[in-house]
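Biologist: Please take a close look at the aromatic residues in this model. Begin with the sulfur bridges, then go ring by ring.

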Amino acid sequence: MPNSRPRPRRGARSGGGAAGREELVSRSLQSAEHCLGAQDFGTAYAHYLLVLSLAPELKDDVKETFQYTLFKWAEELDSLSRTQDLLGCYEQALELFPDDEVICNSMGEHLFRMGFRDEAAGYFHKAVKLNPEFNDAKENFYRVANWLVERWHFIMLNDTKRNTVYNAAIQNAVSLGSQSVLDIGAGTGILSMFAKKAGARSVYACELSKTMYELACDVVAANKMEAGIKLLHMKSLDIEIPKHIPERVSLVVTETVDAGLFGEGIVESLIHAWEHLLLQPKSRGEHGNCEKYGKVIPASAVIFGMAVECAEIRRHHRVGTKNVAGICLPTNVKFQSPACSSVDTEETVEPYTTEKMSRVPGGYLALTECFEIMRVDFNNLQELKSLATKKPGKIGIPVIKEGILDAVVVWFVLQLDDEHSLSTSPNEETCWEQAVYPAHDLADYRIKRGDHVMMEVSCQDCYLRIQNISVFGPECELDTGKNFTKNKDLLTLGSEAELCSALANLQTSKPDSVEQTCVLESTEIALLNNSVYHEGFKMAMKKVLSSLTPEKLCQAMDTQCQNEMSCGSEESNSQEIVPEPFYVLDVSEGFSILPIIAGTLGQVKPYSSVEKDQHRITLDLISEANHFPKETLEFWLRHVEDESSVLQRPKSDKLWSIIILDVIEPSGLIQQEIMEKAAISRCLLQSGGKIFPQYVLMFGLLVESQTLVEENAVQGTERTLGLNIAPFINQFQVPIRVFLDLSSLPCIPLSKPVELLRLDLMTPYLNTSNREVKVHICKSGQVTAIPFWYHMYLDDEIRLDTSGEASHWKQAAVVLENPIQVEMGEELVLSVQHHKSSVSITVKQ
């Protein structure tokens with residue numbers, strides 16, 4: 001019968017409920033532990049959620065086990081691409097443990113891998129705030145902060161001249177009647193605030209980056225202008241009237257220009273602004289209130305160029321050797337840097353690289369006068385529209401100095417209005433770098449007075465492109481209306497001779513020769529040009545393999561003895577003693593010819609871990625050109641399921657004789673997880689086998705460098721004309737500056753180099769996680785930074801220096817938050833901490 005069961009009294013019910021709850025919690029804990037033992041992490045996680053929802057008082061007791069279960073279950077969900085479930089698990093976990101820095105950091109790592117960098121940064125930042133000593137979170141935040149708020153923001157905000165000139169031009173425009181303003185690509189909002197301070201009635205600002213948008217909101221509020229500036233988190237191309245802003249504006253201000261002027265999309269955004277967001281422009285000669293008309297700051301720009309000789313640019317963009325440690329680079333392989341790649345490549349990449357030419361190591365030599373490349377009027381819609389469709393124009397410039405043609409360097413003058421301009425010339429002290437267009441595919445790069453450097457100029461894909469750079473001798477008649485060829489000898493030939501020459505080439509060319517263009521990063525090209533690096537590895541590998549040879553011969557003889565016992569002596573006498581080959585694994589990052597060099601050292605089976613198909617094809621062609629059987633070189637990633645398992649035992653009966661690891665990033669930092677990789681590698685070596693490098697010494701010195709200080713943080717309010725920006729953007733400053741050229745860095749050394757740290761990949765017990773280093777001061781001054789670099793020891797005698805002239809590595813520096821005054825003769829104590837792949841250097845006061 002319904003309702004016939006007697007109901008318990010209130011007190012009894014709660015007691016029974018408590019007992020039932022305790023029993024359920026106990027069973028769930030047992031089930032969770034059982035599931036963990038069976039590696040059923042999903043079910044274990046569900047049980048822990050139930051336990052913590054029923055018994056929150058157990059949080060501290062099960063915290064570590066819960067974290068372990070969460071991370072394992074998240075890995076499983078990640079491998080199954082169950083993204084929503086993964087994020088849901090972390091959200092549940094953070095509801096239970098909102099102040100757990102380890103869960104916050106792990107959530108950030110997953111978000112970062114998924115491409116949600118803004119969101120990841122938020123979790124890394126929170127983890128660091130919760131525990132400032134949490135090294136994993138600090139390293140993650142520093143790496144992502146460099147991406148979220150690029151270093152040029154600090155440099156630009158510290159450029160007083162740039163701020164002053166923009167402020168003056170905006171004040172002029174507002175005083176002449178431009179009362180409604182739109183700031184495109186607002187960044188920190190500094191230009192918007194200039195407009196508001198100048199008295200503009202309405203100011204709108206758009207910023208696409210979520211991080212920069214939130215930063216701008218904080219900055220504008222701190223300067224008490226939030227009521228007068230409307231900030232939009234969106235691209236200007238998506239702004240609609242009246243949906244987002246109520247009116248067409250009379251002034252657009254923007255600084256969406258890069259070293260090549262057009263690379264941040266200024267042309268596209270201004271075409272859209274003129275068509276949809278700006279009032280009509282004032283006609284020439286027309287007078288009246290500027291509030292009725294539209295205009296843009298900057299008003300126009302003139303682009304300039306100069307042909308230069310520069311050894312530093314050359315070694316990063318052109319392979320200048322035909323022989324690398326005895327390996328011949330065949331003529332049917334053409335190496336190019338991304339800056340030299342064609343417009344037709346699958347990926348849209350900038351057709352130039354950038355350099356601060358005043359600080360380029362070794363300097364540069366101007367081979368031509370400065371010449372004008374192009375003018376653009378940002379207040380002329382038709383001109384902006386025609387830029388992308390205009391056919392490439394041809395420019396010929398006379399050579400004034402003999403030298404090697406390495407690149408065309410480009411800069412511009414930004415005309416903000418009739419009175420105010422900014423130049424990005426290498427001769428100016430400015431926050432901008434210059435755009436560099438490397439020369440390539442020339443029969444002869446040496447040029448002399450009387451020659452002409454020719455080039456085609458266009459604005460395709462909203463990039464300034466300088467292509468088909470070539471050289472004409474004084475004997476050649478210049479005709480910029482005709483297509484010109486790169487072969488100077490054909491210029492004087494008639495059409496019949498050209499045809500005969502072409503036919504001859506067809507007849508003599510090998511029908512089966514394969515031509516391969518291999519695009520390498522500039523650091524990979526610099527590495528190919530580094531003969532010291534390759535000769536050092538060749539010598540070190542030869543020494544290791546020589547030491548192992550007797551062991552291999554013994555193994556082969558043992559095998560022969562077994563054969564004699566099983567097959568009879570007569571039959572086995574006819575068999576040669578063929579020792580097992582040495583197995584060499586190269587897991588360098590990017591393109592590496594070390595496996596082919598290893599293949600020249602005898603009975604060696606080299607394995608390469610290159611990922612890109614074009615790199616594999618190139619290595620095969622180099623192998624063939626050096627008369628190696630095609631099967632000599634193996635590509636190891638074809639033998640493993642994924643990249644993460646590249647360091648593993650190849651077969652149960654085979655171990656590696658040599659494993660080559662990449663220890664230092666080109667940026668100057670230690671590679672992530674290198675010590676973990678070294679630990680795995682040690683388990684995979686045969687007796688007597690070696691890891692390269694065997695150990696690394698880190699060196700540093702104390703310097704005074706105002707440049708590093710200004711590139712690392714905004715210096716107070718004076719640089720930003722009284723606006724309070726520094727505390728907000730400086731949250732994203734990182735203590736380590738990377739990609740430095742120490743040889744050309746403006747700095748004053750205050751000490752001699754000292755050894756800071758030893759990383760031993762072969763004998764880890766020699767490593768220490770904490771070390772104090774005394775540094776003797778040899779010059780009085782202010783210590784602002786500690787630049788550092790590495791000596792990589794392949795063995796005790798063969799050393800590679802990451803700060804050497806031929807190095808493809810750059811250097812890095814710790815920048816101190818507060819400079820330290822020192823006097824000659826004093827000693828400063830540095831505390832050096834090594835955690836996983838992260839190194840921190842602090843001054844002990």
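Modeller: The model is predicted. On sulfur bridges, a search of the whole structure turns up zero disulfides. Cys 35 has a relative accessible area of 9%, so it is buried, being under 20%. Cys 518 is also buried, at 0%.

Now the rings. The whole structure holds 17 aromatic pairs. One of them joins Phe 141 and Tyr 142. Their centres lie 6.5 Å apart, with 55° between the planes, and the pair is tilted. Phe 141 is buried, with 4% relative accessibility. Tyr 142 is partly exposed, at 28%.

Another pair is Tyr 695 with Tyr 793. Here the ring centres are 4.7 Å apart. The planes meet at 10°, so this pair counts as stacked, the cut-off being under 30 degrees. Tyr 695 belongs to strand β27 (residues 695-700). Tyr 793 belongs to strand β33 (residues 781-793). The pair therefore ties together parts that are 98 residues apart in sequence. Both tyrosines, Tyr 695 and Tyr 793, are buried.

Arg 758 lies over the face of Tyr 695, 4.0 Å from the ring centre.

Tyr 533, Phe 537, Phe 692 and Trp 809 together form one aromatic cluster.

Definitions and conventions
Residues numbered from 1 in each chain as written. Predicted model: local features only at pLDDT ≥ 70, side-chain atom pairs only at ≥ 80, totals over all residues. Heavy atoms only, no water. Disulfide = S-S within 2.5 Å. Buried < 20%, exposed > 50% of the residue type's maximum accessible area, 1.4 Å probe, protein only. Phe/Tyr/Trp six-rings, centres within 6.5 Å; stacked < 30°, edge-to-face > 60°. Helix = DSSP H or I, 4+ residues; strand = E, 2+ residues; numbered from the N terminus. Lys NZ or Arg CZ within 6 Å of the ring centre and 35° of its normal.
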